[in-house]
Amino acid sequence: MHGTYGAGPAGRGLAWATALYLVLPILIVIPVALTDQRYLSLPQDGISFRHFATVLSSEEWLGSIWQSFTIALAATALAVSAGTLCAIGCWRISRRSTDLIRVLMLLPLIIPSIVYAIGLYRYFGPLGLLDRFLGVVLAHGVTGIPYVVITVSTALSGFDPRLEQAARSMGASLSQTLRWVILPRVMPGIVSGAIFAFIHSWDELVMVLFIASREVFTLPRRIWDGINENLDPAMAAVAVLMVAFTLLLLLGDRALRRRSEAG
């Protein structure tokens with residue numbers, strides 16, 4: 001049975017080759033961040049942590065890190081609220097029209113980011129949201145909704161609707177049923193969607209280039225400007241920190257999924 005359905009040596013080899021091809025560019029950033037040179041290069045005479053020290057002592061880098069973090073938190077809150085309510089609403093109504101709503105919610109993932117960014121630029125201009133914290137939060141929050149809709153809808157697919165019916169038959173209101181019956185059951189999907197929405201906002205660059213200029217200077221944008229202006233290895237150090245932080249979030253999501261499956 002195992003030989004029938006197993007991937008086989010060729011399949012496993014292809015999988016590992018693909019994984020290495022995807023991970024290798026990220027791994028190269030690590031020795032570059034530890035270089036002892038003043039420009040982007042591999043270490044020559046030994047490793048050095050001075051570029052990490054430069055990042056952690058620079059007001060500009062720390063300011064951009066804080067802006068990205070606060071924007072990601074606010075955008076995640078917006079995405080989780082709207083995405084969870086949308087997924088639950090579509091699940092309860094369960095009609096053909098809800099399939100169309102789900103497709104519309106996934107449009108930010110389907111449409112190229114640059115197309116969406118141009119639309120936001122034209123739309124936010126008259127509203128006075130360009131180069132504003134609120135404007136970037138709205139942009140990141142809306143484009144983060146699809147991640148929440150997908151994960152919560154997946155969690156709802158295994159939810160027994162008889163639990164909701166039992167709660168309503170015992171006199172629970174709609175809000176009480178939502179709070180004490182539905183949300184606890186789909187909480188792993190909500191948390192998973194929140195993690196992906198946070199990562200999306202944390203790493204997003206294209207929209208920020210269009211709708212922000214001086215007041216909002218997120219971490220990806222500062223890295224982008226640094227590449228255009230100079231080749232300071234501090235950018236590689238920041239990249240390593242971003243990758244490590246993102247990896248921790250993904251590992252947390254994986255641990256949550258295993259715990260949910262075990263329960």
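Reader: How many helices and strands does the protein have?
Author: The protein has 13 helices and 0 strands. Both are DSSP runs, numbered from the N terminus: helices are H or I with at least four residues, strands are E with at least two. This is a predicted model, where local features need pLDDT of at least 70, side-chain atom pairs count only at pLDDT 80 or more, and totals for chains, interfaces and linings use all residues. Residues are numbered from 1 along each chain as its sequence is written, and side-chain values use heavy atoms, with hydrogens and water left out.

Reader: What does the C-alpha trace span?
Author: About 70 × 60 × 30 Å along its principal axes.

Reader: And how much of the protein is buried?
Author: Of its 263 residues, 36% count as buried. Buried means under 20% relative accessible area, exposed over 50%, and partly exposed in between (1.4 Å probe, protein chains only).

Reader: Ok, contacts. What share join residues at least 24 apart?
Author: 71%, among contacts between residues at least 6 apart in sequence. A contact means heavy atoms within 4.5 Å.

Reader: Where is Leu27?
Author: Leu27 sits in helix 2, residues 8-33.

Reader: Why does Leu27 count as partly exposed?
Author: Because its relative accessibility is 43%.
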